[in-house]
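Please keep the sequence and the model in view while reading.

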Amino acid sequence: MVDATPAIAIVGAGIAGLTAAATLRRIGLKVDIYEQAPAFAWIGAGLQLNPNAMKVMRGLGLEAHIRSVGFAPEVGYNREWNTGEITYLHPMGAKIEQRFGAPDISLHRAELHAALLLINPAEIIHLGKKLAGLDQVGSGVRLTFTDGTWADADAVVGADGVHSTVLEILFGSGEPRFTGQVAYRATYRSQLLGTEIDDRVKWWGPGRHIVTYKVNPRRDEVYFIASTPEPDFKIESWSARGDLEQMRAAFTGFHPQARVILDACPEVGKWALVERDPLVRWSKGRIVLIGDACHPMLPYMAQGGSAAMEDAVVLARCLEGTDLDGFSDAFRRFEQNRKDRTSRIQLGARKNTWMRTAPDMTWLYDYDAWTVPLD
Ligand SMILES: Cc1cc2nc3c(=O)[nH]c(=O)nc-3n(C[C@H](O)[C@H](O)[C@H](O)COP(=O)(O)OP(=O)(O)OC[C@H]3O[C@@H](n4cnc5c(N)ncnc54)[C@H](O)[C@@H]3O)c2cc1C
């Protein structure tokens, strides 16, 4: 007997792809994920999961796990870069949880990735499969990979990140825009600091800033991202190393409590920051984009991964109960329900003013992808 269950191919096993695999399997679809990397690495960066993201985690059954591996600060400081004067004290801990119905957790990005792997069977993830082409075959789609192999699916979800091949194949949108800003990033043992620092803080300087937070419940590992203009640097790679002295020089004049974070750092990664304007379309026929593939954003609102996970939930809600003939309409419905929100975050992050003074957080953190009414 022929299996009539729609078969979905997801391109990319990052945050968006793994979350979508879980939500789509949950509504009864057959899912395979194709990931270019030959293996998953413990990539060194921190991530914030604000209440909207933690609601996604709750629905996936991962809330307790994330709480156990991450850290929930009591407050988030926003400080002037040189004087240390507080411009906004962001209430977190129990206060943010009460207000928005879910906690705000900082953690290692790799912990989030590992958690999402826990809820997907290993056999659906095909590593070392770099997508090269997509072709319509009958009513389905054939995926071809750079190793010469191929796979067929009824529909494709492009979750292949900021340099999405799926986006390029669908719409020929070209490369994202370099902003001329770089992010120096590191996580390291906080005992190297030799002093106590704020559990979460952003130091706001002119054209430059430093964000720091602890990433585990023991508070013994610290993460920072220090952003500064460097228009000639155009490498985006987890393995690109930064020059410590060049980084420290860029933050001359910052408050000693900010500089100590850079001074103690044993080695640092360096990442060119890219973004796009909101796209007109995210889907064509039986192919749809999610996550950074369709709304890459600057990290200044800490929402890229969270928005990717929200996409995965809303996509599954739009597809639930739909047969294959309805997929293309469901994909349009998905993008219509998500685009206003992700565009608002993309454009807001571009301004890099979020939390400098008290923001309106309700629209962002109140959102629950599992229950938000869909048009
Ligand atoms: C400095 C910085 C700080 C950030 N901080 C936060 C934060 O605090 N909170 C937050 O929510 N977000 C944050 N983000 C954003 C977040 O990391 C991204 O938005 C998120 O990783 C996007 O997930 P994704 O799955 O769409 O893309 P990715 O995580 O990039 O995953 C894409 C996957 O697709 C694979 N792939 C790519 N091309 C192909 C191909 N051709 N074939 C097969 N596989 C392919 C890649 O190998 C990768 O595994 C930050 C980003 C940066 C740069």
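Helices (H or I, at least four residues) and strands (E, at least two) are DSSP runs, numbered from the N terminus. The model is a predicted one, in which local features need pLDDT of at least 70 and side-chain atom pairs count only at pLDDT 80 or more, while totals for chains, interfaces and linings use all residues. Residues are numbered from 1 along each chain as its sequence is written, and side-chain values use heavy atoms, with hydrogens and water left out.

The ligand is surrounded by 30 residues, the closest being Ala16, Glu35, Gln48, Leu131 and Asp292; a residue belongs here if one of its heavy atoms lies within 4 Å of the ligand. Helix H1 (15-26), strand E3 (46-49) and helix H9 (304-319) each supply at least two residues of this shell, and H9 gives the most, with 3 residues.

Polar contacts are pairs of N or O atoms within 3.5 Å. A polar side-chain atom of Asp292 is 2.8 Å from an oxygen atom of the ligand. For the side chain of Arg109, the distance from an N or O atom to a ligand oxygen is 3.0 Å. The protein buries 87% of the 1,000 Å² that the ligand exposes when taken alone, with areas from the Shrake-Rupley method and a 1.4 Å probe.

Turn now to H1. Of its 12 residues, 10 are buried, meaning under 20% relative accessible area (1.4 Å probe, protein chains only). Among them are Ile15, Ala16 and Leu24. Just after H1, Gly28 has a positive phi of about 95 degrees.

Technical notes
Polar contact = N/O pair within 3.5 Å; in protein donor to acceptor, adjacent residues only side chain to side chain. Buried < 20%, exposed > 50% of the residue type's maximum accessible area, 1.4 Å probe, protein only.
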